[in-house]
Amino acid sequence: MTATRVLVLNSGSSSLKYQLLDMRDSSRLALGLVERIGEETSRLKHTPLATGGESRERTGPIADHEAALQAVAEELAKDQLGLDSPQLAAIGHRVVHGGKSFTEPTVVDDTVLAEIERLIPVAPLHNPANLTGIRTAQALRPDLPQVAVFDTAFHTTMPESAARYAIDVKTADEYRIRRYGFHGTSHAYVSRETARLLGRAPEDVNVIVLHLGNGASASAVQGGRCVDTSMGLTPLEGLVMGTRSGDLDPAVIFHLARVGGMSTDEIDTLLNKKSGLTGLCGDNDMREIRRRIDEGGADAPAARLAFDIYIHRLKKYIGAYYAVLGRVDAIAFTAGVGENAAPVREAAVAGLEGLGVTVDGALNAVRSPEARLISPAGSRVAVAVVPTDEELEIATQTYALVRTDG
């Protein structure tokens, strides 16, 4: 029997997301989330899609990631989908930062683990949790291929002119300072699905992908290859996000230290957790911001300003990437805000008619889980809403790497 199932794990510092997929038809057999790992109030929610059963929940202390994955294995076993199944081909892991070393999915060995660990200084919030998930899975299934799929890998095709910062080369190389980009699995999936939506091959299509969630990033994809992206050394650079500032003058940091007397840690917290939409108006949820704008009242002006700043930055990146690509076939909106906030999509392209970019109001207002065009028929540049599927992308890359003809 050929093993065709892939378990996808996304390990956070105190959470574990998972999906089990059958790669014969890319169907989901089960999915779930363990949250608040290490607390007394830990919670596991498991949904067995293969059997059509109802979601199940477990609450109570789950001490660590090993206990969390063991609990996941127990839930899967109840549905005859256990980790001991001979149909399980591999476990695919989301790893946020692969630096320049990893340009494609990679079977994990000691050397790979060491390099992921070496990259912790440039991804201190993510790579340690990703490593924990890999090592935990290795302990439970040491005989099974563990595959690391890197958020940064899709962006390693950027030319040096886009990836390099204009600082001293020796210093940059010594400390691995360059633009890496993130959300790569999403940008890869969405750019490819956009080409499919247009009925064209990915290598024939130039796409601007706008991944707009609490974290947000843009990419310029030329013939299936990333040539520029908005996030940099870390996910802080680029677009205005839920709690992150995005682009700002680096001297702001020196000013806050010298004049404001703030420590490095305080500035880090300010820019990553207390800025963006939260810093501007106190909310990082676009739905709440739009409600405040629509209802008017005392809260409306701050919400309107936050929205306008968000859109202004987004529009600047659309224009910049139009220039980088030279020819744009499509602009694709994805992730929580991109897929669901029609006012954001409308505002982001307003005034770009001269570039061949516009949306149809009625099409834009439709809510659907399907990939779809929201631009008028015959538009020079297609505008699309393409729901992202990072778990499927990780599973697809994992299975392509480990499958055999057995």
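Two strands count as a pair when DSSP finds at least two bridges between them. With that in hand, welcome to a tour of this predicted model, one close-up at a time.

**View 1. An open sheet built from six strands.** The strands follow the order β11-β10-β9-β12-β14-β13, and their pairing is mixed. At the edges stand β11 (225-229) and β13 (372-373); each has a single partner strand, so one side of each is left without a neighbour in the sheet. Helix α13 packs on this sheet, where it touches β9, β12 (330-334), β13 and β14 (382-385). The direction of α13 makes about 150° with that of β12.

**View 2. Strands β9 and β10, side by side.** Here we zoom in on one pairing within the sheet. Strand β9 covers residues 206-212 and strand β10 covers residues 216-222. The two run antiparallel and are joined by seven bridges. To find your place along the pair, look for leucine 210, which stands opposite alanine 218 in β10. As a general point, strands of a sheet pair through backbone hydrogen bonds, either parallel or antiparallel.

View 3. Is β8 (residues 146-150) mostly covered or mostly open? It is mostly covered, with five of its five residues buried. Gln146, Ala148 and Phe150 point one way from the strand, while Val147 and Val149 point the other way. Strand β6 (residues 88-95) runs parallel to β8, and five bridges join them. Strand β7 (residues 106-107) is antiparallel to β8, with two bridges between them. Alanine 148 is a handy landmark for both pairings: it is the bridge partner of histidine 93, and threonine 106 stands opposite it as well.

**View 4. The second largest pocket.** This pocket has a volume of about 310 Å³. Which residues lie nearest its centre? They are Asp285, Met286, Arg287, Val337 and Ala341, out of a lining of 18 residues. Helices α10 (286-295), α12 (335-340) and α13 (342-349) each supply at least two residues of that lining. By class, the lining has eight nonpolar, six polar and four charged residues.

**View 5. Two loop residues with positive phi.** Glutamine 80 sits in the loop between α1 (65-78) and β6. Its phi is near 55°, a positive value in a residue other than glycine. Histidine 183 is found in the loop between α5 (169-174) and α6 (184-197). Histidine 183 also has a positive phi, of about 60°, although it is not a glycine. Histidine 183, in turn, counts as buried because its relative accessibility is 11%, and buried means under 20%.

**View 6. Proline 124 in its loop.** Proline 124 lies in the loop between α2 (110-118) and α3 (127-140). With a relative accessible area of 53%, proline 124 is exposed. How far is proline 124 from histidine 155? The two are 31 residues apart in sequence and 20 Å apart in space, C-alpha to C-alpha.

How values were computed:
Residues numbered from 1 in each chain as written. Predicted model: local features only at pLDDT ≥ 70, side-chain atom pairs only at ≥ 80, totals over all residues. Heavy atoms only, no water. 1 Å grid on protein atoms, 1.4 Å probe; cavity = no way out; pocket = protein on both sides within 12 Å on 5 of 7 lines; lining within 4 Å. Points joined across faces, edges and corners; volume = space filled by probe spheres on them. Helix = DSSP H or I, 4+ residues; strand = E, 2+ residues; numbered from the N terminus. Nonpolar A, V, L, I, M, F, W, Y, C, P; charged D, E, K, R; others polar. Buried < 20%, exposed > 50% of the residue type's maximum accessible area, 1.4 Å probe, protein only. Contact = heavy atoms within 4.5 Å. Axes fitted to C-alpha atoms, helices over the stretch in contact; angles between N-to-C directions.
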